[in-house]
Amino acid sequence: AYQKCQLQFYFGRVLGLEPDSETDENIDIRQFGLIFHSAMCKIYSDFMEKKVKVSGNDIRGLKKEFIESKIEEAFVDEIFKSNAALCEKIKSGQRKLTDELNGNNKMVYSVIQKYVKAQCNYDAETADQSPIEFLGLEKEGVMPFQVEVNGERFSIKIGGTIDRIDRTNGSVRVIDYKTGKNEVTCPSVDD
């Protein structure tokens, strides 16, 4: 148990604390990423729908309460999706999200808040240089691309969920948020 999670070992074996049996949801890396992606989508969706160019000050001007509410929505939607009644109580304000989370998930919630803040700060700095126009958020799709390898042209298709597409400084960017392990699992085009 100690090697798996030193903090969990300390809480369980040293302090004698048991996990809350009603909240046995422990967030894995995949869920962490889903919550982060959903929160960023919810935060930036108004900008995209309005089709406006966003400055750094626009991003910095997002109210802390607004950002917190979007993180909470994303968290509730993912963690309590199997409990519609509890979801509704939290969303309506009858229950507080933080009262429903176990210790691990409270820490994860705090980490997601920091990730979102860091991403918003990075985006604000980028938008200070050149405004950002949001073109797409969490879009499923397949796109053909022409590539040239050793003088020969190929058409390839790339597909999946695109976290964000935006335009800044005259370039269209395809943004892939990274919240988990960053491993390259496919060979390069040259291989």
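## A buried lysine and its salt bridges

Lys70 is buried, because its relative accessible area is 17%, under the 20% cut-off. This is a predicted model. Lys70 forms a salt bridge with Glu73. The closest N and O atoms of Lys70 and Glu73 are 3.5 Å apart. Both residues sit in helix α4, three positions apart, so about one helical turn separates them. Glu73 is partly exposed, at 28% relative accessibility.

The model holds twelve salt bridges. Some share partners: Lys42, Lys70, Glu73, Asp77 and Lys91 are joined in this way into one network.

## Salt bridges on the strands

Arg167 and Glu133 meet through their side chains in a salt bridge, 3.2 Å from N to O. This pair links distant parts of the chain. Arg167 is partly exposed, with a relative accessible area of 36%. Glu133 is buried, at 17%.

Arg173 and Asp166 form another salt bridge, at 2.8 Å from N to O. Asp166 is buried, with a relative accessible area of 0%. The two residues are also bridge partners in strand pairing: Arg173, in β4, is the partner of Asp166.

## Strand pairing

Strand β1 covers residues 53-54. It pairs with β2 in the antiparallel sense, over two bridges. Within this pairing, Val54 stands opposite Ile132 of β2.

β2 spans residues 132-149 and β3 spans 152-168. These two strands are antiparallel and pair over 15 bridges. Val149 stands opposite Glu152 in β3. Glu148 stands opposite Arg153, also in β3. β3 pairs in turn with β4, residues 171-175. That pairing is antiparallel too, over five bridges.

## Two hairpins

β2 and β3 form a hairpin, with two residues between the strands. Asn150 lies in the turn and has a positive phi of about 50 degrees.

β3 and β4 form a hairpin as well, again with two residues between the strands. Here the turn contains Asn169, whose phi is positive at about 55 degrees.

## The nonpolar core

Nonpolar side chains tend to be buried together in soluble globular proteins. In this model, the largest nonpolar core has 37 residues. Tyr44, Phe75 and Val116 have the most contacts inside that core. Helices α2, α4, α5 and α7 and strand β2 each supply at least two residues of this core. The biggest contribution, nine residues, comes from α2.

What does Tyr44 touch, leaving aside residues up to four places away in sequence? Its contacts are Ile59, Leu62, Gln119, Cys120, Asp123, Phe134, Leu137, Arg164 and Tyr177.

His37 lies in helix α2, residues 29-50. At 13% relative accessibility, His37 counts as buried. Not counting residues up to four places away in sequence, His37 touches Glu138, Asp163, Tyr177 and Thr179. Tyr177 is also among the contacts of Tyr44.

Leu101 is in the loop between α6 (97-100) and α7 (103-129). Leu101 and Ile79 are 22 residues apart in sequence. Their C-alpha atoms are 9.5 Å apart in space.

Met143, Phe145, Phe154, Ile156 and Ile158 make a nonpolar surface patch of about 430 Å². Strands β2 and β3 each give two or more residues to the patch. The largest share, three residues, comes from β3.

Ile156 is one of the patch residues and is placed in strand β3. At 34% relative accessibility, Ile156 counts as partly exposed.

Conventions:
Residues are numbered from 1 along each chain as its sequence is written. This is a predicted model: local features need pLDDT of at least 70, side-chain atom pairs count only at pLDDT 80 or more; totals for chains, interfaces and linings use all residues. Side-chain values use heavy atoms; hydrogens and water are left out. Patches are made of residues with over 30% relative accessible area and no salt bridge: like charges are joined within 9 Å, nonpolar side chains (Val, Leu, Ile, Met, Phe, Trp, Tyr) within 5 Å. Accessible areas come from the Shrake-Rupley method with a 1.4 Å probe; for residues, only the protein chains shown count as cover. A salt bridge is a side-chain nitrogen of Lys or Arg within 4 Å of a carboxyl oxygen of Asp or Glu. Helices (H or I, at least four residues) and strands (E, at least two) are DSSP runs, numbered from the N terminus. Buried means under 20% relative accessible area, exposed over 50%, partly exposed in between (1.4 Å probe, protein chains only). Two strands pair if DSSP finds at least two bridges between them. Contact means heavy atoms within 4.5 Å. A nonpolar core is a set of buried Ala, Val, Leu, Ile, Met, Phe, Trp, Tyr and Cys residues joined through side-chain atoms within 4.5 Å.
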